[in-house]
Amino acid sequence: MSCFSLRGKFDMVDNSRLPPTRLFDYVSPDRTRAWRVTRAYVWPISIREDTGSDEGKICNNFALQTDDGSDPTENRSFAWTSWDGFLRNNGSDDFIMAEHDSIAEFVVDPDVLVVKELWISGASTTESDTSPTREWAYMVILEEEKVSPSQSIFQQIKGMGQDLS
């Protein structure tokens, strides 16, 4: 069993949603490879941005999915985390957070295998007067697993969005 990490960054505007963003796409006729997300993290790169306010809070939620949806009641959403920060007293350009919350770790459903795509989505809410764009970083740790072709197809169908309406 081998493991590897995905690292990168994305931009998200305060008081908005991060549309589902693809992090990984496995395209191969080999149906015997799958990956289990064992750990995942997200953290802000740009803490300092003009908020137009001198007090307030920011709340960010993130999810990992196997398709481009983000509803936690569906099979395609399988890991979740949040990151909160507070404006520094009498400052209007940076957030502070509790030391243990500087990097947010995802809660990961261990019963999900990634066989094709891995996506991230998010949402941000603040009390600030403006909505600056912030850079965020992520790291996802995956372990490779051998699966049968039928297990791979089952996981792919399980992890796809299904419109039943």
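1. Salt bridges in the model. A total of eight salt bridges is counted in this structure, which is a predicted model.

2. A salt bridge joins the side chains of R134 and D14, with an N to O distance of 2.9 Å. R134 belongs to strand β10, whereas D14 sits in the loop between β1 (3-13) and β2 (17-25), so this pair ties together parts that are 120 residues apart in sequence. Strand β10 itself covers residues 133-146. The two side chains are also joined by a polar contact of 2.9 Å.

3. Are R134 and D14 buried or exposed? R134 has a relative accessibility of 3% and therefore counts as buried, since buried means under 20%. D14, at 2% relative accessibility, counts as buried too. The student may wish to locate both side chains in the structure above before reading on.

4. The pair D25 and K116. D25 forms a salt bridge with K116, and the closest N and O atoms of the pair are 2.9 Å apart. Distant parts of the chain are linked here: D25 is in strand β2, and K116 is in the loop between β8 (107-108) and β9 (117-126), 91 residues apart. D25 has a relative accessible area of 33% and is partly exposed. K116 is likewise partly exposed, with a relative accessible area of 28%.

5. A network of charges. Which residues are linked with D25 and K116 in a network of salt bridges? They are R22 and E117, so that the network consists of R22, D25, K116 and E117.

6. The pair E105 and R39. The side chains of E105 and R39 meet in a salt bridge, at 2.9 Å from N to O. This pair again links distant parts of the chain, with E105 in strand β7 (residues 104-105) and R39 in strand β3 (residues 33-44), 66 residues apart. E105 has a relative accessible area of 36%, which means that E105 is partly exposed. R39, with a relative accessible area of 38%, is partly exposed as well.

7. W80 is found in strand β5, which spans residues 77-87. Its relative accessibility of 30% places W80 among the partly exposed residues, because this class lies between the limits of 20% and 50%. The side chain of W80 makes a polar contact of 3.1 Å with the side chain of S77. W80 and E105 are 25 residues apart along the chain, and their C-alpha atoms are separated by 8.4 Å.

8. The chain as a whole. How many helices and strands does the protein have? Its secondary structure comes to one helix and 10 strands. Read from the N terminus, the order of the elements is β-β-β-β-β-β-β-β-β-β-α. Among contacts in the protein with a separation of 6 or more, 85% are between residues 24 or more positions apart.

9. Burial and surface. The protein has 165 residues, of which 42% count as buried.

Terms used. Residues are numbered from 1 along each chain as its sequence is written. This is a predicted model: local features need pLDDT of at least 70, side-chain atom pairs count only at pLDDT 80 or more; totals for chains, interfaces and linings use all residues. Side-chain values use heavy atoms; hydrogens and water are left out. Helices (H or I, at least four residues) and strands (E, at least two) are DSSP runs, numbered from the N terminus. A polar contact is a pair of N or O atoms within 3.5 Å; within protein, one must be able to donate a hydrogen and the other to accept it, and residues adjacent in sequence count only if both atoms are side-chain atoms. Buried means under 20% relative accessible area, exposed over 50%, partly exposed in between (1.4 Å probe, protein chains only). A salt bridge is a side-chain nitrogen of Lys or Arg within 4 Å of a carboxyl oxygen of Asp or Glu. Contact means heavy atoms within 4.5 Å.
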